[in-house]
Amino acid sequence: MTSKSYTNLLDLLTGDFQALKVERKRLPRAMTVPSNVSELVELEQARSVSSDDPSSVAQDRMIIVVNQLPVNAQRVLDGTGWIFTWDDDSLLLRLKDGFPEDMEVIFVGSLKADVDISEQDNVSQILLESFNCAPTFLPPDLSDRFYSKFCKKQLWPLFHYMLPFSVDHGGRFDRSLWEDYVSVNRLFAQRVIEVINPDDDYVWIHDYHLMVMPTFLRRRFNRLRMGFFLHSPFPSSEIYRSLPVREEIIRALLNADLIGFHTFDYARHFLSCCSRMLGLEYQSKRGYLGLEYHGRTVGIKIMPVGIHMGMIQSSMKLAVQEQRIVELRQKFEGKTVLLGVDDMDIFKGINLKLLAMEQMLKQQPHWRGKAVLVQIANPARGRGGNIGKIQSEIEQTCQRINMEYGRPGYEPVVFIHGSVSLAERIAYYTIAECVVVTALRDGMNLIPYEYVVCRQGMPDSESGAELAGPKKSMLVVSEFIGCSPSLSGAIRVNPWNVEAAAVAMNEAISMGEAEKQLRHEKHYRYVSTHDVAFWARSFLQDLERTCSDHFKRRCWGIGLGFGFRVVSLDPNFRKLSIDTIVSSYQRSKSRAIFLDYDGTLMPQNSISKSPGQEVISILNTLCADPKNTVFIVSGRGKDSLSNWFSPCRKLGIAAEHGYFLRWPEKDGWETCGQSSGFGWLQIAEPVMKLYAEATDGSYIESKESALVWHHEDADPDFGSAQAKELLDHLESVLANEPVAVKKGQFIVEVKPQGVSKGLVAEKVFVSMDAKGKQADFVLCIGDDRSDEEMFEIVDAAVLRNILSFGASVFACTVGQKPSKAKYYLNDTTEVRIMLQSLAEFSDLSVSPD
């Protein structure tokens with residue numbers, strides 16, 4: 001079939017696109033400069049992804065977007081072409097094992113080789129047809145600035161907790177490099193747009209190289225099903241917030257539907273940043289974490305990646321065939337081998353591991369001549385002056401330990417610097433009694449997983465006893481790596497504590513055989529069942545669940561640049577039309593109007609909270625119509641409201657969320673809650689004072705009917721935690737009191753039972769019904785949680801026959817957000833305009849005061 005393809009990625013500042021239909025297997029040459037593709041004439045009116053009906057014909061596909069394609073590219077010797085092969089060592093290549101068999105997988109990413117612009121068309125065609133890969137070609141200078149200078153020297157150190165204290169330590173933030181990073185993300189998004197069928201495809205973006213890409217795709221396709229997985233650590237909010245473009249990245253990530261992390265620590269740090277920077281609080285629903293972001297639920301997935309069992313087992317057979325296991329056993333016969341396998345970089349803690357080995361030999365002399373640490377150091381993925389210093393330091397430490405504790409025929413440290421094949425690595429796994437990982441910070445690290453599988457062996461193999469495996473293994477792992485939480489039988493260490501690491505290494509190789517076996521069995525059960533296929537399948541299932549209602553909701557994009565976001569709302573939730581409500585207003589004979597005050601008639605950020613003359617005039621005009629019953633329903637105290645609205649004699653007022661009620665043209669106030677006294681105040685107030693004193697920035701507000709603890713000015717995390725504690729504390733001590741304890745936005749409130757804005761509306765309806773004036777028009781406007789109860793009661797009133805049959809009901813919230821109301825107005829200005837329109841059509845047979 002032919003896919004609907006799109007070119008000319010938006011410019012975030014202009015939002016300008018064009019659509020182009022092309023054959024799925026044919027790609028135009030990729031852009032080679034960091035700018036937008038030229039505008040193209042729209043050849044066919046393609047159905048947009050914003051359509052309400054998803055495609056029922058196309059097959060679901062998964063588009064996996066990675067920095068580098070899992071493909072090796074090698075130039076033919078005569079220079080006339082290229083040879084492409086799959087990179088079997090790439091774990092991302094194995095993701096498709098977790099997807100349904102009939103799901104097509106397309107990879108989008110850059111190649112590991114520079115391809116001349118004259119060859120890019122041909123290379124694109126070959127890779128798409130033979131490998132299902134859509135390459136993104138980057139100019140060498142842009143690629144270097146993007147990857148080597150921004151990703152590896154600015155993002156990567158920061159995400160591994162290295163702050164840029166100086167030019168030589170972490171590197172200063174460079175705005176031009178950030179612009180290059182954005183340009184490359186735009187190019188990757190453009191390549192996805194060229195191959196995507198947005199109604200039917202899933203997009204899964206990987207790692208910190210492409211963190212702003214979701215914004216580019218989301219702006220083009222509001223309902224695109226898109227996930228993102230971060231393979232590196234996510235730093236604590238104190239570290240992350242030092243990044244000058246911190247908010248741009250967070251907002252871009254929130255344009256994905258599902259964001260994945262290896263551990264809860266990483267997810268917790270991300271959620272803390274969302275809370276502190278954007279005021280977003282996560283919720284847990286039936287075991288799933290999520291953030292409500294402009295009506296969309298952004299899922300948070302916590303699932304460490306696994307290994308590919310088949311790849312490891314194939315390499316085990318190869319290791320046997322090459323006789324490496326036999327050779328190594330002979331070489332280290334009579335020795336107890338500890339193994340380290342790390343990349344040569346500043347965060348792997350190799351030198352600390354060597355110091356721990358030195359300390360163990362010093363403290364445990366009986367291991368001298370017996371224990372050997374084999375340290376494999378793979379070549380560094382990046383480049384920089386720090387790598388050379390680290391390597392020199394490691395080599396000096398190795399020489400010192402070997403000179404101090406070595407002897408003829410025995411070297412306590414064997415240092416191997418260079419690329420080691422998987423088969424070679426497996427041979428070392430097979431003979432090692434213990435694997436030691438002392439990384440200072442690492443996103444995941446799959447070395448322990450590989451080691452456990454190799455030590456299990458393949459007993460049913462025809463390759464003989466070499467693959468049977470000892471079925472016992474020991475792990476000493478840093479507590480700062482992503483795989484640590486899943487390896488509960490490992491000995492966890494703080495790599496900075498060299499003495500404790502030495503003790504752990506000694507404990508690991510001295511442990512009894514039965515204990516080693518039990519720990520190994522525990523690890524193998526986990527590793528063998530949580531492989532890369534399980535990880536991919538679990539992520540896809542969560543992505544499907546998170547996106548299940550995409551085509552049932554109304555979506556539209558708002559905002560410019562990285563402030564862009566998609567508002568997603570129920571299809572029945574729509575903007576209140578002035579023409580519609582005025583028409584119903586004119587036809588009606590008995591009307592009930594309920595208006596919240598703060599955030600509805602008066603902006604929340606207004607310094608002066610008293611109503612202006614405009615509001616007073618509108619209310620007086622509405623109240624003057626004998627068909628109208630108008631109430632202000634607010635959480636404010638009765639004294640303030642009574643004073644502010646003294647010019648409005650015919651206005652009803654409900655204060656403190658309805659505890660106090662004053663009917664139109666009446667002077668006295670009646671109470672609506674239970675009249676059992678306020679003895680509970682003597683219990684609640686001391687408890688609140690305790691939390692107010694303990695929580696800097698919090699305070700207590702005393703009302704006549706309620707007590708409120710505010711924490712909007714406290715530390716977000718601490719304030720939220722204290723609010724939960726206070727809620728539990730108050731519910732416990734007030735369990736036998738006639739009060740309700742509720743948690744709101746930055747508040748914990750204690751108020752009498754039976755008090756709510758909804759009950760005010762119900763009481764007014766009942767009163768009108770008793771007078772034979774059942775309301776046939778209801779307008780209810782509010783902006784916060786307390787108004788939701790009013791919306792609920794208003795909707796239910798029709799079914800209870802306390803409203804006229806066929807009554808026109810307009811429950812309206814202020815702001816485009818999830819609500820029980822069916823209508824919205826954007827802000828207080830629109831509320832006033834709408835009320836003014838109603839006032840103009842009011843019957844003024846009785847003049848206003």
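This is a conversation about reading a few features of the predicted model shown above.

Visitor: Now a single helix. What span does α8 reach from its first C-alpha to its last?

Guide: Helix α8 (residues 309-321) has 13 residues and reaches 19 Å, close to the 18 Å expected at 1.5 Å a residue.

Visitor: Which residues of α8 are buried, and what do they pack against?

Guide: The buried ones are M309, M311, I312, S315, M316, A319 and V320. They pack against α9 (324-331), α12 (422-431), α13 (447-456) and α15 (513-529). While you're there, look just past the end of α8: Q323 takes a positive phi of about 65°.

Visitor: Can we do a strand next? How should I think about its two faces?

Guide: In a regular strand the side chains alternate between the two faces of the sheet. Now try β10 (residues 258-261): L258 and G260 sit on one side, I259 and F261 on the other, and all are buried, so both faces are covered.

Visitor: Which strands pair with β10?

Guide: Strand β9 (residues 225-229) pairs with β10 in the parallel sense over three bridges, and G227 stands opposite L258 there. Strand β13 (residues 296-302) also runs parallel to β10, joined to it by four bridges. The partner of G260 in β13 is K301.

Visitor: On to charges. How many salt bridges does the count come to?

Guide: The count comes to 41 salt bridges. Take D265 and R268, whose side chains meet at 2.9 Å, N to O. They are three residues apart in helix α7 (residues 264-278), which separates them by about one helical turn. D265 is partly exposed at 39% relative accessible area, and R268 is partly exposed too, at 37%.

Visitor: Where do R800 and E762 lie?

Guide: Their side chains meet in a salt bridge at 2.5 Å, N to O. R800 lies in the loop between α23 (785-797) and β33 (808-814), while E762 lies in helix α22 (residues 757-770), so the pair ties together parts that are 38 residues apart in sequence. R800 is partly exposed, with a relative accessible area of 43%, whereas E762 counts as buried at 17%. Elsewhere, salt bridges that share partners join E433, R455, K472, E513 and K516 into one network.

Visitor: In the salt bridge of D88 and R94, what is the distance from N to O?

Guide: It is 3.9 Å. D88 is partly exposed, with 46% relative accessible area, and R94 is buried at 17%.

Visitor: Last topic, aromatic rings. What do I look at in a pair?

Guide: A pair of aromatic rings is described by the distance of the centres and the angle of the planes. A search of the whole structure finds 36 aromatic pairs. For Y585 and F777, the centres are 5.5 Å apart and the planes are at 80°, so this pair is edge-to-face. Y585 lies in helix α17 (residues 578-587) and F777 in strand β32 (residues 777-782), so the pair ties together parts 192 residues apart in sequence. Both Y585 and F777 are buried.

Visitor: How are the planes of Y597 and W644 set?

Guide: Their planes are at 35° with the centres 5.5 Å apart, so the pair is tilted. Y597 lies in the loop between β23 (591-595) and α18 (613-624), and W644 in helix α19 (residues 638-644), so they tie together parts 47 residues apart in sequence. Both Y597 and W644 are buried.

Visitor: Which residues do ring pairs link into a cluster?

Guide: F146, F150, F173, W178, Y181, F216 and F562 are linked that way.

Note on methods:
Residues numbered from 1 in each chain as written. Predicted model: local features only at pLDDT ≥ 70, side-chain atom pairs only at ≥ 80, totals over all residues. Heavy atoms only, no water. Salt bridge = Lys/Arg side-chain N within 4 Å of Asp/Glu carboxyl O. Buried < 20%, exposed > 50% of the residue type's maximum accessible area, 1.4 Å probe, protein only. Helix = DSSP H or I, 4+ residues; strand = E, 2+ residues; numbered from the N terminus. Expected span 1.5 Å × (residues − 1). Contact = heavy atoms within 4.5 Å. Pairing = 2+ DSSP bridges. Phe/Tyr/Trp six-rings, centres within 6.5 Å; stacked < 30°, edge-to-face > 60°.
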